[in-house]
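Please look over the sequence and the model first, and then read on.

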Amino acid sequence: MKSVAKLEALLFIYGESLSFKKITKILDIELPEIEKTAQELKKVLENENKGLRLLIDNQKVQLVSAPEFSDLLSKVIREEFEENLTPASLETLTIVAYRGPISRAQIEYIRGVNSSFILRSLLMRGLIERFTNPKKPMSYLYQVTFDFLKLLGINKTEELPDFKKYQEIDKINISL
Amino acid sequence: MNYELRIKNFSGPIEKLLELIEGKKLDITELSLAQVTADFLKYLQTIEKFSPQLLADFLVVAAKLLLIKSKALLPELKLTKEEETEIKDFTQRLILYKEFKKASQEIARLVSQKRHLYTREFLQNAKAAFYPPSNVNLIILGKMMEKIFNSLKDLLPDVQKITLKAIKLEEKIAEILERLNKNVKINFKELNKQKTKIEIIISFLALLHILQDYHLEVEQERNFSDIIIKSNFKK
C-alpha cells in the first residue's frame with residue numbers, strides 16, 4: 001500500500017518521534033487510516049526481518065534500528081545509554097513505566113519516600129516526561145518516553161514483563 | 001555532599017521494612033510487622049544521625065508500626081475503624097512495594113541486555129535554515145522578540161549607567177584663563193562649584209600650569225582653604 005511507503009519515508013527523514021496528529025497534517029491522511037498504516041508498516045518491518053523496527057506508543061511513532069543490532073551499532077554511535085541507573089531511580093522509573101501517567105504523590109505513596117530529586121534527574125535524562133494533570137491543573141503526571149523504550153529495546157510499555165499484572169495489582173484506591 | 005547523594009546511601013522506610021521482614025524470612029502480615037518493629041526503631045537511630053531529612057518519612061512508618069505492635073501485644077486494645085483500615089492499607093502498600101521492587105529488577109535486566117534501539121538525529125540531512133511557520137507575521141515575531149527580550153532581561157544583573165566625562169587639561173587651562181580675562185579675581189571654590197572630584201583635581205593642575213606661564217597673584221590663607229586668584233592682565 002502506498003501510504004505505508006509514504007509513512008516510512010517521512011519517519012526516515014524526520015528521525016525523531018512523530019505524533020499521529022502531526023502525520024495526518026503532513027501526509028494528508030485521516031487519523032484512523034494513519035493508525036492502520038503504522039500497524040502495517042510495523043508488521044512489514046518485523047515479518048520481513050528488516051534492520052528497522054517501528055515504535056508505536058501513546059499516539060506517537062518512531063523508526064528505530066532493530067534491537068539485535070544494538071551491539072553492532074554501538075560501535076559507530078556515541079554512548080547515549082551508558083550512564084548507570086541507581087536502584088532508587090530504577091525503582092521510580094519502574095513505577096512510572098507500569099503505572100504512568102502517575103502523579104508524584106502516587107509514586108511517593110508506593111515508595112514511601114520523597115521522590116522529587118529522582119524524578120527530576122529522570123526528567124533530565126529524558127527517560128520520563130511530565131505534563132499538567134488535566135484533572136488537577138496545579139500538579140503534574142509522569143510517564144515514560146520513547147527514550148525509555150529505546151533503552152530497554154521494547155516497542156511499547158505493554159511489552160514490559162507482566163505489564164497487565166502490575167496494572168491491576170492493587171485494589172487500593174490511591175486518590176489523585 | 002548534596003541531599004540527593006546523601007539519601008542515596010539509605011534505603012527508604014518501606015524498602016528497609018521489607019528488607020527486615022525478608023531477612024527474617026517472614027510473609028508480609030500484621031504479625032511479622034510487629035516482629036520487626038524493634039529492629040526498625042533501631043535503624044531509625046542511624047537515620048537520625050546521618051540523614052535528618054529522611055527522618056520524617058521514617059517516623060511516619062514507625063508510628064504505624066508502633067500501632068500494629070501495640071495491637072499485637074494488647075489484644076484487648078480497641079482500635080478505631082480508621083486505625084484498622086490504616087493498618088490494613090499499610091500491609092497492602094508493603095505488598096505493592098515488594099511487587100514493584102521485583103519489577104524494577106526485571107527492568108534492570110532488560111537494560112543490561114543492551115538491546116538498545118537507535119534512531120536517526122532529528123532531520124539529520126536537512127540544512128540549517130530559518131523555516132518560519134506559514135502563519136507567522138510581523139506582529140507575532142515582534143511579540144516573540146519582546147518575550148525573549150524580557151526573559152533575557154531577567155537574567156542580566158541590574159546595570160547602572162555611569163558616564164565618565166573626559167576632561168582635557170588644556171581645556172581647563174583655557175577655561176580658567178578666559179575667566180581671568182573677564183574677572184579680575186576668581187576663587188577656586190567658586191570655579192569648581194558642583195564639579196566632580198576629578199574635575200577639581202584637573203582644575204588644580206590647570207592652575208599650577210597657569211602659574212608657571214603667567215604672572216598671577218594667588219592667595220591661600222591656610223591648608224585647604226579657598227584659593228583666591230587675581231589676574232594682573234591689563235584690561
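Buried residues make up 34% of the 176 residues in chain A, where a residue is buried if 20 or more other C-beta atoms lie within 10 Å of its own, exposed if 12 or fewer, and partly exposed in between, with C-beta atoms placed from the backbone. The model is a predicted one, in which local features need pLDDT of at least 70 and side-chain atom pairs count only at pLDDT 80 or more, while totals for chains, interfaces and linings use all residues. Residues are numbered from 1 along each chain as its sequence is written, and chains are lettered from A and ligands numbered from 1 in the order in which they are written.

**The two chains**

The table sets out the secondary structure of each chain, with helices (H or I, at least four residues) and strands (E, at least two) taken as DSSP runs numbered from the N terminus.

| Chain | Helices | Strands |
|---|---|---|
| Chain A | nine helices | six strands |
| Chain B | nine helices | three strands |

Along its sequence, chain B runs through the pattern α-α-α-α-α-α-α-β-α-α-β-β, and of its 235 residues 19% are buried. Two residues are in contact if their C-beta atoms, placed from the backbone, lie within 7 Å. Of the contacts in chain A between residues at least 6 apart in sequence, 49% join residues at least 24 apart; in chain B, residues 24 or more positions apart account for 62% of the contacts with a separation of 6 or more.

**Where the chains meet**

The contact between the chains draws 40 residues from chain A and 35 residues from chain B. On the side of chain A that touches chain B, the largest share, eight residues, is given by helix 5 of chain A. By class, this side has 24 nonpolar, nine polar and seven charged residues, where Ala, Val, Leu, Ile, Met, Phe, Trp, Tyr, Cys and Pro count as nonpolar, Asp, Glu, Lys and Arg as charged, and the others, Gly among them, as polar.

Helix 5 of chain A (residues 87-99) has 13 residues and reaches 18 Å from its first C-alpha to its last, close to the 18 Å expected at 1.5 Å a residue, the expected span being 1.5 Å times one less than the number of residues. Twelve of the 13 residues of this helix are buried, including Leu90(A), Ile95(A) and Tyr98(A).

On the other chain, Leu123(B) sits in the loop between helix 5 (81-112) and helix 6 of chain B. With 13 C-beta neighbours inside 10 Å, Leu123(B) counts as partly exposed, and, leaving aside neighbours within four places in sequence, Leu123(B) is in contact with Ile13(A), Tyr14(A) and Gly15(A).

**Helices of chain B**

None of the 18 residues of helix 6 of chain B is buried, so this helix lies largely in the open.

Helix 3 (residues 30-50) and helix 4 (residues 52-73) of chain B pack at an angle of about 150°, with their axes 8 Å apart. The two helices are therefore roughly antiparallel to each other, a term for angles over 145 degrees, whereas those under 35 count as roughly parallel, 65 to 115 as roughly perpendicular and the rest as oblique. The residues of the contact between helix 3 and helix 4 of chain B divide into 16 nonpolar, one polar and three charged.

Key
Axes are lines fitted to C-alpha atoms, for helices over the stretch in contact, and angles run from 0 to 180 degrees between N-to-C directions.
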